[in-house]
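My notebook is open and the model is loaded. Here is what I looked up, one entry at a time.

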Amino acid sequence: MSMPFYVSPEQIMKDKADYARKGIARGRSAVVLQYDGGILFVADNMSRTLHKISELYDRVAFAAVGRYNEFENLRLAGVRYADSHGYTYDRSDVTGQMLANAYAQTLGSIFTESNKPWEVEIVVGEVGETADSDQIYRITFDGSVVDERDFLAMGGSAEHVTTVLRERYVKDASLAAALSAAVHALAHENGEQRELEATSLEVAVLERARPHRKFRRVQGDRLTALLAQGHAADTKDTDTDSDT
Amino acid sequence: MSEAFKGGGRLPAAFMNPGTSSFVEFLAEVNPERLPGRADLPTGRPTEHLTPEATTIVALTFPGGVVLAGDRRATSGNVIANRDMDKLFRTDEFSAMAIAGAAGIGIELAKLFQVELEHYEKKEGRPLSLEGKANRLAAMIRSNLGMAMQGFVVVPLLVGYDEGREQGRIFSYDPVGGRYEEHRYHSIGSGSVYAKSALKKLYRDDLGESDAALAALQSLYDAADDDSATGGPDVYRKIFPLVDVITDEGHRRLPADEVAELAATVVEGRTQHPDGPTAPVS
């Protein structure tokens, strides 16, 4: 009988984390940022039906990067959890924090208990009454939760995207301006400059002013128009810059 | 929830299994006691007046949409249990339901149906067809059959805008879960006989949205006139019937002042003609 080699717990955890990180970095990025009317979610996603961004509840949305089957599982669990909580108590009792906690616990125990960690990183965003009460939680593969402000990028080469986003991000920007910043950052993934068109973008917003369910997908003509609007504003800015 | 959270707060397997798109089925699996109509009832006890009765509801279609309206009264025997009850429920962007019968159970049913539709939409990424919604509601009423046999009968009326056919549609139900599509107009509840007769004479195929709402108020007035369980417009307390309109733009509850104006027209007309507008004999 062969003896199993001793591997230290530190090494096991490190290997798992490396494995998950590599998996997540293989995919395309997604960004989440606040704009003057709520929270904007943008993902680099060719598919029109396999979503990376979706609605969880009235004020809460979900965005994910990594392995589709794994985050789809989490999304479904979140919808079920939110719906049963809202049905038992009240619609206003379902919060982003509650869902972020449930996700963190779930991902944390999957990370420690199973051999293969889940290669996912997710964001739970909740739009509040005012911009100050908006909440954005980032939950990573090992179950850690970070309470984010303003903007964040995840998946793919998230660091590059974050750097570009930091330069471009303006607080209380309009939807078109925020979208333009997001698309610009996503286009600079891996340091290369790509052209991102409406068809390869998945865009959704949590709109503060909307009644009932605040989540809305931005697609088709509306997305094209918003992109054009943002683009026009950008070129104008560059022109004025070069004039001065 | 305690059962559900074994394993260090991790969401239990039932939450993660791809399984069903139905919230009711999911709840039946993880928390069956939270579903209405599943409780075992003691037999042989009189069950009257345990919950008030919701009364008259009317619905009628007009070109491009459908109007749903209900009076505000709930009764418990000869007592008015509630004079400003809301019996209409927006179930999603393009549908609404109203209840008549055992109020306590009806409200719970409407709430569950709301979640059911939304849950399906979120899981599948697209809403159910109107036909699908109507069938789903039928199944949910059927599961209440045990309660209905004990006297807690609740019958809903479902209205919606069918995006495929581009028209408003009305579905009525029986306590067993039988589903019937109604054309043009329909009414349920204690005053429904009078309301429906009134609508029969008032209905025209070319009614506009506000005329359709007015016809609904007229018919509710007639129901209140002859049925003691139906509440008429209460001009002193400013309690008027509620009116929901669904068109291709979605669900809209008519604002209170708009309904107050329509109700004033009805009441004003009745001071001249107490029996309301008349239809030509031939």
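Why does B:Ala148 count as buried? I found 21 C-beta neighbours inside 10 Å of B:Ala148, so it counts as buried. The rule I used: buried takes 20 or more other C-beta atoms within 10 Å of a residue's own, exposed 12 or fewer, partly exposed is in between, and C-beta atoms are placed from the backbone.

Housekeeping: this is a predicted model, where local features need pLDDT of at least 70, side-chain atom pairs count only at pLDDT 80 or more, and totals for chains, interfaces and linings use all residues. Residues are numbered from 1 along each chain as its sequence is written, while chains are lettered from A and ligands numbered from 1 in the order in which they are written.

**Around B:Ala148**

I placed B:Ala148 in helix H5 (residues 145-149) of chain B. Helices (H or I, at least four residues) and strands (E, at least two) are DSSP runs, numbered from the N terminus. Leaving out residues up to four places away in sequence, B:Ala148 touches B:Val153 and B:Pro175; contact asks for C-beta atoms, placed from the backbone, within 7 Å. I also checked B:Ile57, 91 residues apart from B:Ala148 along the chain, and their C-alpha atoms are separated by 20 Å.

**Helix H1 of chain A**

Next I picked H1(A), residues 9-26. Which of its residues are buried? I got A:Ala20, A:Gly23 and A:Ile24. Down the axis of H1(A) they fall within an arc of 100°, so they line one face of the helix; the arc is that of the directions from the helix axis to the C-beta atoms. The face turned away from the buried side carries exposed residues, among them A:Glu10, A:Lys14 and A:Lys22. Strand S4 (60-66) and strand S5 (120-126) of chain A are included in the cover over the buried residues of H1(A).

**A sheet in chain B**

I traced 5 strands in an open antiparallel sheet, ordered S11-S2-S3-S12-S13. Strands pair if DSSP finds at least two bridges between them. S11(B) and S13(B) stand at the edges with a single partner strand each, so one side of each has no neighbour in the sheet. Between S3(B) and S12(B) I noted 6 bridges, and B:Gly65 stands opposite B:Thr247.

**Where the chains meet**

How many residues of chain A are in contact with chain B? I noted 18, against 19 residues of chain B. H2(A) gives the most to chain A's side, with 10 residues.

Definitions and conventions:
The expected span of a helix is 1.5 Å times one less than its number of residues. Two residues are in contact if their C-beta atoms, placed from the backbone, lie within 7 Å.
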